[in-house]
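Subject: Structure handover

Hi,

Here is the structure I promised you. My notes follow below it.

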Amino acid sequence: MEQAIQVDREIDARGLNCPLPILRTKKALKDMASGQVLRVVATDPASVRDFEAFTRQTGNQLLQHGEHDGAFFFLLKRK
């Protein structure tokens, strides 16, 4: 059985192009506690690559990502 991940905060970045989804994510994570989870929804196809690179560079964890109804979603865990 798949375990539901508790999301602490959500950002809707649909319609925004690079680098805005990442910048909004960075700002939101800064205000969050270690271990909290942020869900980001974006429509920019480049966002998948951007978020993978962002988590590698920042040490935050990309728990899950996928596509739903034409939008991409990302679950990031604050380091």
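Ile22 is buried, at a relative accessible area of 14%; buried means under 20% relative accessible area, exposed over 50% and partly exposed in between, with a 1.4 Å probe and protein chains only. This is a predicted model, where local features need pLDDT of at least 70, side-chain atom pairs count only at pLDDT 80 or more, and totals for chains, interfaces and linings use all residues. Residues are numbered from 1 along each chain as its sequence is written, and side-chain values use heavy atoms, without hydrogens and water.

Helices and strands

Ile22 belongs to helix α1 (residues 20–30). Helices (H or I, at least four residues) and strands (E, at least two) are DSSP runs, numbered from the N terminus. What does Ile22 touch, leaving aside its neighbours within four places in sequence? Asp50, Phe51 and Phe54 are its contacts, where contact means heavy atoms within 4.5 Å. Ile22 and Phe51 lie 29 residues apart in sequence, and their C-alpha atoms are 7.1 Å apart in space.

The axes of α1 and helix α2 (residues 47–58) come within 10 Å and cross at roughly 35°. Axes are lines fitted to C-alpha atoms, for helices over the stretch in contact, and angles run from 0 to 180 degrees between N-to-C directions. Pro21, Ile22, Thr25, Lys26 and Leu29 make the contact from α1, and Asp50, Phe51 and Phe54 from α2.

The sheet

Four strands form an open sheet with mixed pairing, in the order β1-β2-β4-β3. Two strands pair if DSSP finds at least two bridges between them. The edge strands, β1 (9–13) and β3, each pair on one side only. Neighbouring strands are turned by 15° against each other on average, direction ignored.

Now strand β4 (residues 71–77). Six of its seven residues are buried, so β4 is largely enclosed by the rest of the structure. Strand β2 (residues 37–42) runs antiparallel to β4, joined by six bridges. Leu38 stands opposite Leu76 there. Strand β3 (residues 61–68) is also antiparallel to β4, over seven bridges. Here Gly66 faces Phe73, and Gln64 stands opposite Leu75. The hairpin of β3 and β4 has two residues between the strands, and Asp69 takes a positive phi near 55°.

Helices on the sheet

α1 lies across β1, β2 and β4, at about 160° to β1. α2 lies across β2, β3 and β4, at about 10° to β4.

Best wishes
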